[in-house]
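Please look over the structure below.

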Amino acid sequence: MTELIAVITITMLAVISPGPDFAMVTRNSLLLSRRAGVLTALGIGMGCFVHVAYTLVGVGLLIQQSLWLFNAIKLVGAVYLVYLGVTMLRAKPGGASAQRAVAPLSDAAALRVGFLTNVLNPKTTVFIVSLFMQVVRPETPLSVQIAYGVFIAGAHVTWFSLVAICFSAGRVRERLLAVRHLIDRVFGGLLVTFGVLLAVDRGAR
């Protein structure tokens with residue numbers, strides 16, 4: 001029971017903490033549509049399953065012990081975040097026609113963005129690997145560990161779907177669409193910042 005409470009508590013704290021996942025879901029739901037935001041959230045949940053899967057088969061331990069492998073993953077994630085951020089920073093003003101000037105994401109593209117943002121985020125790697133290596137006991141049945149993984153992914157999908165719903169509703173969103181290029185630049189700047197911080201981070205894993 002203590003282990004279960006620890007998993008739930010740590011997961012919830014990790015999920016609601018601001019990061020690239022939050023930035024992407026907020027941006028897509030605010031500037032594109034609720035559907036795009038929710039699908040991005042679903043992609044994030046799919047990314048969580050990847051982290052859980054490699055942790056359960058033992059790769060997580062290798063990542064935890066191999067500095068070069070961890071740094072390689074971190075660099076790839078940083079490059080991807082900077083790429084997304086620079087793309088958003090290049091957004092141009094367009095007044096009332098701004099929304100039409102930017103093609104909406106397809107369902108597959110929204111899923112892909114959420115998936116890649118999460119699966120290439122080394123902070124998620126650290127969170128899930130540390131959770132299973134330090135909180136979950138080795139004698140815990142595999143079925144229970146898999147259930148933990150399902151909970152982690154489900155918590156991400158639920159939280160970020162709520163974020164998408166909140167940021168895609170109301171007249172506030174309609175007014176913000178008039179300055180969507182500025183909002184894109186703000187979120188682009190955040191993603192570039194996240195990417196740079198990941199690239200230069202030399203802290204403990």
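## M88 and the cores

M88 touches M24, R27, D184, R185, F187, G188 and L191, leaving aside residues up to four places away in sequence. Contact here means heavy atoms within 4.5 Å. M88 also belongs to the largest nonpolar core, which has 12 residues: A23, M24, L30, L31, Y80, L81, L84, M88, V113, I183, F187 and L191. Three helices, α2 (20-31), α5 (67-89) and α11 (180-200), each supply at least two residues of this core. Apart from it lies another core, of 9 residues, including V52, L131, F132 and I152.

A nonpolar core is a set of buried Ala, Val, Leu, Ile, Met, Phe, Trp, Tyr and Cys residues joined through side-chain atoms within 4.5 Å. Buried means under 20% relative accessible area, exposed means over 50%, and partly exposed is in between (1.4 Å probe, protein chains only). Helices (H or I, at least four residues) are DSSP runs, numbered from the N terminus.

## Basis of the model

This is a predicted model: local features need pLDDT of at least 70, side-chain atom pairs count only at pLDDT 80 or more, and totals for chains, interfaces and linings use all residues. Residues are numbered from 1 along each chain as its sequence is written, and side-chain values use heavy atoms, with hydrogens and water left out.

## H156 in helix α9

Helix α9 spans residues 142-167 and contains H156. Is H156 buried or exposed? H156 counts as buried, because its relative accessibility is 4%. The contacts of H156 are V15, D21, I44, C48, N118 and F127, again not counting residues up to four places away in sequence. L42 is 114 residues from H156 along the chain, and their C-alpha atoms are separated by 8.2 Å.

## A nonpolar surface patch

Helix α9 also has a part in the surface. F49, L142, I146 and V150 form a nonpolar patch there, with about 370 Å² of accessible area together. Helix α9 gives the largest share of the patch, 3 residues. L142 is found in α9. L142 counts as exposed because its relative accessibility is 53%.

Patches are made of residues with over 30% relative accessible area and no salt bridge; nonpolar side chains (Val, Leu, Ile, Met, Phe, Trp, Tyr) are joined within 5 Å, like charges within 9 Å. Accessible areas come from the Shrake-Rupley method with a 1.4 Å probe; for residues, only the protein chains shown count as cover.

## Salt bridges

Side chains of opposite charge can pair when their charged atoms come close. A salt bridge is a side-chain nitrogen of Lys or Arg within 4 Å of a carboxyl oxygen of Asp or Glu. The count comes to 3 salt bridges by this rule. R137 pairs with E3, and their closest N and O atoms are 3.7 Å apart. This pair links distant parts of the chain: R137 sits in the loop between α8 (122-135) and α9, E3 in helix α1 (residues 2-16), 134 residues apart. E3 is buried, at 6% relative accessible area, whereas R137 is partly exposed, at 42%. R137 also meets E139 in a salt bridge (3.4 Å, N to O). E139 counts as exposed, at 57% relative accessibility.

D107 forms a salt bridge with R35, with 2.6 Å between the closest N and O atoms. Distant parts of the chain are linked here too: D107 lies in helix α7 (residues 107-119) and R35 in helix α3 (residues 34-56), 72 residues apart. D107 is partly exposed, at 34% relative accessible area. R35 is exposed, at 53%.
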